[in-house]
Amino acid sequence: MTFDISKARERFPALQQDQVFLDNAGGSQALGDVIDSITQYLSKTNVQLGASYHTGSQSNTKYAEGYQAAAKYINASRDEIVLGASTTQLFMNLASSLTFPSGSEIILSKMEHETNVKPWLFMAERLNLTVRWWSSSKEDGLKLTAANLKPLLTDKVKFVACTHVSNVLGTIHDVKSIAEAVHSVGALFCVDGVSFAPHRAVDVKEFGVDFYSFSWYKVYGPHIAVLYASNTAQQAMKPLSHYFNPTKTLEDKIGFAASNYECVQSIPTIVSYLSGAFPAITEHEGKLQTILLDFLNSRKDITILGSKSSDSKERVPTIAFTVEGMSSKQIVAEAEKVSNCGFRWGHFYSKRLCDEILGLQPEGVTRVSMVHYNTEEEIRGLVDVLKKVLPQV
Ligand SMILES: Cc1ncc(COP(=O)(O)O)c(C=O)c1O
């Protein structure tokens, strides 16, 4: 069955109210079926895992099905994933567990949400590793590539981390070719997939990455995240489990006493909703970003940060911009006075990118982040609002 975009909105209770949701990169709305499944779980099967009595075994099954569905969704095996509170938490757990010889190097990017930096700085301090910084300038297209990584790669490098899509710029990085470059020196590659996963299918084997994480609360689900670590990459991890517990799977190693039951068991519902949906989602989101980018590109006083192109191969509909003569904070405040559009301003935790690479004011960018349940009408409405509140030209 093909995915019907026009029916998508009906599946989200939050969309039945008078609010245009345009901060989806912050967090998406949850599917009605997810909400129902959590209510059902907590009403009927909320018992401690591992029991053999009737309700206990039902709960065990639901948890196991949640893990299986998450693993299958990203094309990993059950042993290669762990579900946890957030991507930040899972990266911190991973950073506490990885081991590399003292004096090795790691490469971190300046185009990141701090989630994909701080855990590795902590790891570098713990293991006495040297940090090398990777970035792409405005002149270089603000895009991380195998070509701009290669000058930093040496045999001393053991770990490289970057984002799949920047939560500010919206640009899609070719993680497959970057993975090949990283592996050419025998290092491990970790990708933050948080801003990619709401928009495209995730296939960790196809990407060729060693570690990959994203958060389901931005992918139409509840507040829980998934981390993948390939079986091979797990050999570089020291298990953090209690001494009497198993250490075989990723969950054993850094799962810390099981994941949130009601959230885990809701994952099959999300996966079923998204099954076969991404071609239609990509096409629809392409139309949404074209409407907004056409307007932003038409004005000389507006700077789009990241790709100006509405090509869906280049970017997702997370669009950040600045306007000459009006701060990002003012833009949001004025838009809220005259409309029900919900979008935001700031650095969105990509502070190194906003300060050091883009050289922005403390108020950062205005960010509009759309997903498939937004309509063309909503985005045309947003353009009308912007025409009203931005300096008249
Ligand atoms: C690109 C990116 N990475 C990581 C995160 C952090 O995710 P979490 O809240 O699950 O830790 C965010 C959240 O906004 C993000 O946009």
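## Crossing of α3 and α11

The crossing of α3 and α11 is left-handed (the near helix is turned anticlockwise from the far one by less than a right angle). Helices here are DSSP runs of H or I with at least four residues, strands are E runs of at least two, and both are numbered from the N terminus. The model is predicted: local features need pLDDT of at least 70, side-chain atom pairs count only at pLDDT 80 or more, and totals for chains, interfaces and linings use all residues. Residue numbers start from 1 along each chain as its sequence is written.

The axes of α3 and α11 lie 8 Å apart, at an angle of about 35 degrees. Axes are lines fitted to C-alpha atoms over the stretch in contact, and angles run from 0 to 180 degrees between N-to-C directions. From α3, E65, G66, A69, A70 and Y73 meet I267, P268 and V271 of α11 (contact: C-beta atoms, placed from the backbone, within 7 Å). By class, this contact has 6 nonpolar, 1 polar and 1 charged residues. Ala, Val, Leu, Ile, Met, Phe, Trp, Tyr, Cys and Pro count as nonpolar; Asp, Glu, Lys and Arg as charged; the others, Gly among them, as polar.

## Helix α3

Helix α3 covers residues 54-73. At 1.5 Å a residue, its 20 residues should span 28 Å (1.5 Å times one less than the number of residues). The end C-alpha atoms are 29 Å apart, which agrees. N75 follows α3, with a positive phi near 65 degrees.

Buried residues of α3 include S59, K62, Y63 and G66 (20 or more other C-beta atoms within 10 Å of the residue's own, placed from the backbone). Their cover includes α2 (32-44), β2 (81-84) and β8 (225-229).

Conventions. Buried ≥ 20, exposed ≤ 12 C-beta atoms within 10 Å, placed from the backbone. Contact = placed C-beta atoms within 7 Å.
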